[in-house]
Amino acid sequence: MNVILLGAPGAGKGTQATRIASRYNLPHISTGDIFRANINDRTEIGVLAKSYIDKGQLVPDEVTCQIVEGRLAEKDCENGYLLDGFPRTIPQAEELEKFNKIDCVINIDIDFSYLMERLCGRRVCKDCGESYHVSKLNGKTDCAKCGGELYQRKDDNPETVQSRLRVYENQTAPLIDYYTRKGVIVNVAGEGTPEEVFALIVKALDAIK
Ligand code: AP5
């Protein structure tokens with residue numbers, strides 16, 4: 001099963017991706033995580049990606065598509081995968097279509113009013129990538145799952161979040177129509193608790209399995 005998770009920044013893609021990957025035994029491929037790993041390792045791609053990500057802009061399609069194509073050619077993707085944060089533009093979707101068939105696009109649909117608070121309050125584990133909201137941490141600074149140190153992403157500040165939301169509206173939201181026309185999209189309400197959102201996603205994915 002080849003699945004795409006679509007949604008605005010902060011809609012809960014990463015939160016749901018961990019759960020989906022584990023339930024359906026799919027490799028979780030997050031282009032954001034791939035770029036951040038490259039930034040940490042100071043690779044050439046990392047240096048380039050950082051210059052866009054820090055401004056809340058998209059990394060150029062050509063670079064992003066090459067990375068994803070390479071990743072999807074790996075053995076663990078033979079029986080399916082979960083794409084989180086890709087495609088993010090129509091050209092990326094068209095490119096993906098050239099080498100892969102998509103079975104389902106889960107669009108996490110959420111009112112923008114939730115997103116600023118979610119993103120600016122997010123804390124992420126440096127070691128396992130688990131994300132938390134500061135309001136639920138009771139002052140804790142380490143990960144409940146693995147004990148790793150929690151940090152705030154550099155692009156989770158009000159100014160960059162505004163820019164990410166604008167970019168989403170202009171460049172990514174058109175993918176909703178694109179996949180609706182192809183008849184593969186399922187819209188899921190993202191305002192509930194993570195468990196409630198996950199239950200809606202499971203219902204959608206079980207129906208196409
Ligand atoms: P990426 O890392 O993909 O960031 P994003 O799309 O902006 O999404 P986020 O990770 O910020 O949010 P999310 O939807 O995963 O929410 P989360 O589950 O963490 O991309 C970063 C950058 O890389 C981009 O800006 C771009 O520059 C570049 N990039 C990546 N892919 C690219 C591509 N294809 N092309 C070009 N450039 C690309 O949740 C957020 C918070 O809310 C957390 O604190 C969480 O605990 C909380 N939360 C989650 N669900 C709920 C819920 N149901 N109720 C209450 N709180 C919740």
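These are my notebook entries on what I looked up in this structure.

**Ground rules**

I am working with a predicted model, in which local features need pLDDT of at least 70 and side-chain atom pairs count only at pLDDT 80 or more, while totals for chains, interfaces and linings use all residues. Residues are numbered from 1 along each chain as its sequence is written, and side-chain values use heavy atoms, with hydrogens and water left out.

**Entry: the ligand**

I began with the ligand.

Val59 has a backbone N or O atom 3.0 Å from a nitrogen atom of the ligand. For Gly85, a backbone N or O atom lies 2.8 Å from a ligand nitrogen atom. The side chain of Arg164 places an N or O atom 2.6 Å from an oxygen atom of the ligand.

**Entry: Gln16 in helix α1**

Next I turned to Gln16, which I found in helix α1. Helices here are DSSP runs of H or I with at least four residues, strands are runs of E with at least two, and both are numbered from the N terminus. Is Gln16 buried or exposed? Gln16 is buried, because its relative accessible area is 3%. My cut-offs are under 20% for buried, over 50% for exposed, and partly exposed in between, with a 1.4 Å probe and protein chains only.

A polar atom of the Gln16 side chain lies 3.4 Å from the backbone nitrogen of Phe198. Not counting residues up to four places away in sequence, Gln16 touches Ile108, Pro194, Val197, Phe198 and Ile201; contact means heavy atoms within 4.5 Å.

Ser30 sits in strand β2, residues 28–30. With 7% relative accessibility, Ser30 counts as buried. I found a polar atom of its side chain 2.9 Å from the backbone nitrogen of Asp33. Beyond its neighbours within four places in sequence, Ser30 is in contact with Arg36 and Asp84.

Val105 belongs to strand β4, residues 104–109. Its relative accessibility is 0%, so Val105 counts as buried. Setting aside residues up to four places away in sequence, I listed what Val105 touches: Ile4, Leu6, Tyr179, Val184, Ile185 and Val186.

**Entry: α5 against α8**

I then checked how two helices pack. At what angle do α5 and α8 pack? Helix α5 (residues 90–99) and helix α8 (residues 174–182) pack at about 35°, and their axes are 9 Å apart. The axes are lines fitted to C-alpha atoms over the stretch in contact, and angles run from 0 to 180 degrees between N-to-C directions.

From α5, the contact uses Ile90, Ala93, Glu94, Leu96 and Glu97; from α8, it uses Pro174, Leu175, Tyr178, Tyr179 and Lys182. Sorted by class, I have 7 nonpolar, no polar and 3 charged residues. Nonpolar covers Ala, Val, Leu, Ile, Met, Phe, Trp, Tyr, Cys and Pro, charged covers Asp, Glu, Lys and Arg, and the others, Gly among them, are polar.

**Entry: cysteines**

How many disulfides does the whole structure have? My search found 0, with a disulfide taken as two cysteine sulfur atoms within 2.5 Å. Cys77 is in no disulfide, and its nearest cysteine sulfur, that of Cys65, is 15 Å away. Cys77 counts as buried at 6% relative accessibility.

Cys146 is in no disulfide either, and the sulfur of Cys125, the nearest one, is 3.5 Å away. At 41% relative accessibility, Cys146 counts as partly exposed.

A reminder to myself: most residues other than glycine have a negative phi, and most peptide bonds are trans.

Phe86 and Pro87 are joined by a cis peptide bond, with omega about -5°. Pro87 is in the loop between β3 (81–84) and α5.

Asn25 is not a glycine, yet its phi is positive at about 55°. I placed Asn25 in the loop between α1 (13–24) and β2, and it is exposed at 67% relative accessible area.

Asn138, also not a glycine, has a positive phi of about 45°. Its loop runs between β6 (131–133) and β7 (150–151), and Asn138 counts as exposed at 69% relative accessibility.

Conventions. A polar contact is a pair of N or O atoms within 3.5 Å; within protein, one must be able to donate a hydrogen and the other to accept it, and residues adjacent in sequence count only if both atoms are side-chain atoms.
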